[in-house]
Amino acid sequence: MRERRARRERLRAREFDAFVAGAGGRLLHAATLLTAEPPGAAPEAERLLVLALARTRADWARLRGEDPYHHARRELAARYALSLRRHRRSRGGLLGALPPRERLVLVLRLFEGVGEEQTAAALGLPVERVRLLLERGTATLLSRPPAGDAPARPRARRARRARAGRPGAVPGTEGAV
Amino acid sequence: MSLPDRRENEVRRLLAHRPGRPVPADLAERAGLLGTRLLRRRRALLAAAWLVLGAAAVALAAWALATEPWSVPPPATSPTGGW
């Protein structure tokens, strides 16, 4: 009995290790976007991810067919949502110019491809608010040159696009959205 | 494709760009250790809760057997008779 339980526990540990080996990179990227740290030096994102993954590990036996990736992502978003104030400051990452809640909406909606309603439910916000946060975050991100780690592209084209996307924008107020 | 869609796709592209950066080797180990510790604590808490529940049940049974609250107490007042 004890032997069988130990064997089952070892199997779970192996499954979990394999899961982290496969999904760790993507999850760490998502966490790094959330904490707005430069890629390569993201201790805060790592800390957040380890906490989220630990919960996934603890719930491993109770997942019952749920995708562990979804579980880990949900835990990551929940942990981050609990410490929004802590992440107000930009640390030089791509989404550093955005307030933490907009970062979370952008990452869930556009990086992870989570649906509007599911995102709203996860954050405990009305759908309209999620839509607004997404619009605002998109406008801010496209209106300013992203920090170092973004793929290089002509600046003029990006600026033109940003202007074209906001027909009512008054010249000179850019970036103040 | 509508304009907002194009802008969202642009952001999608920016977000998806992942510089080739290795995941720390001990990530799974750290999370695994913390996770099993969490699990042990959760199990201990559950065991303690069951223990408290069991003790409460035994105490209730002992008290009930001792005082027999279901037996009717002898009448404290005498019958009035005639009314």
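How much of the chain is helix, and how much is strand, over residues 94-137 of chain A? In this predicted model, that stretch comes out at 70% helix and 0% strand. Its end C-alpha atoms sit 12 Å apart. As for what the stretch is called, an unreviewed UniProt entry lists residues 94-137 of chain A as "domain: RNA polymerase sigma-70 region".

The predictor gives the complex an ipTM of 0.73 and a pTM of 0.77. Chain B has an average pLDDT of 89, and 95% of the residues score at least 70.

Turning to where the chains meet, 33 residues of chain A are in contact with 26 residues of chain B. On the chain A side, two or more residues each come from helix 1 (2-35), helix 2 (43-58), helix 4 (100-111), helix 6 (127-143) and helix 7 (155-165). Helix 1 of chain A gives the most, with ten residues. Sorted by class, the chain A side that touches chain B has 21 nonpolar, six polar and six charged residues.

Helix 1 of chain A also meets helix 2 (residues 27-67) of chain B: the two axes come within 9 Å and cross at roughly 135°. An angle of 65 to 115 degrees would count as roughly perpendicular and one over 145 as roughly antiparallel, so these two helices are oblique to each other. Their crossing is right-handed. Helix 1 of chain A makes this contact through A:Ala13, A:Phe16, A:Asp17, A:Val20, A:Ala21 and A:Gly24, while helix 2 of chain B brings B:Leu27, B:Ala28, B:Ala31 and B:Gly32. By class, this helix pair's contact has seven nonpolar, two polar and one charged residues.

Notes:
Residues numbered from 1 in each chain as written. Chains lettered and ligands numbered in written order. Predicted model: local features only at pLDDT ≥ 70, side-chain atom pairs only at ≥ 80, totals over all residues. UniProt positions renumbered as here; feature names shortened; annotations may be inferred. Helix = DSSP H or I, 4+ residues; strand = E, 2+ residues; numbered from the N terminus. Contact = placed C-beta atoms within 7 Å. Nonpolar A, V, L, I, M, F, W, Y, C, P; charged D, E, K, R; others polar. pLDDT = per-residue confidence, 0-100. Axes fitted to C-alpha atoms, helices over the stretch in contact; angles between N-to-C directions. Parallel < 35°, antiparallel > 145°, perpendicular 65-115°, else oblique. Left-handed = near helix turned anticlockwise from the far one by under 90°.
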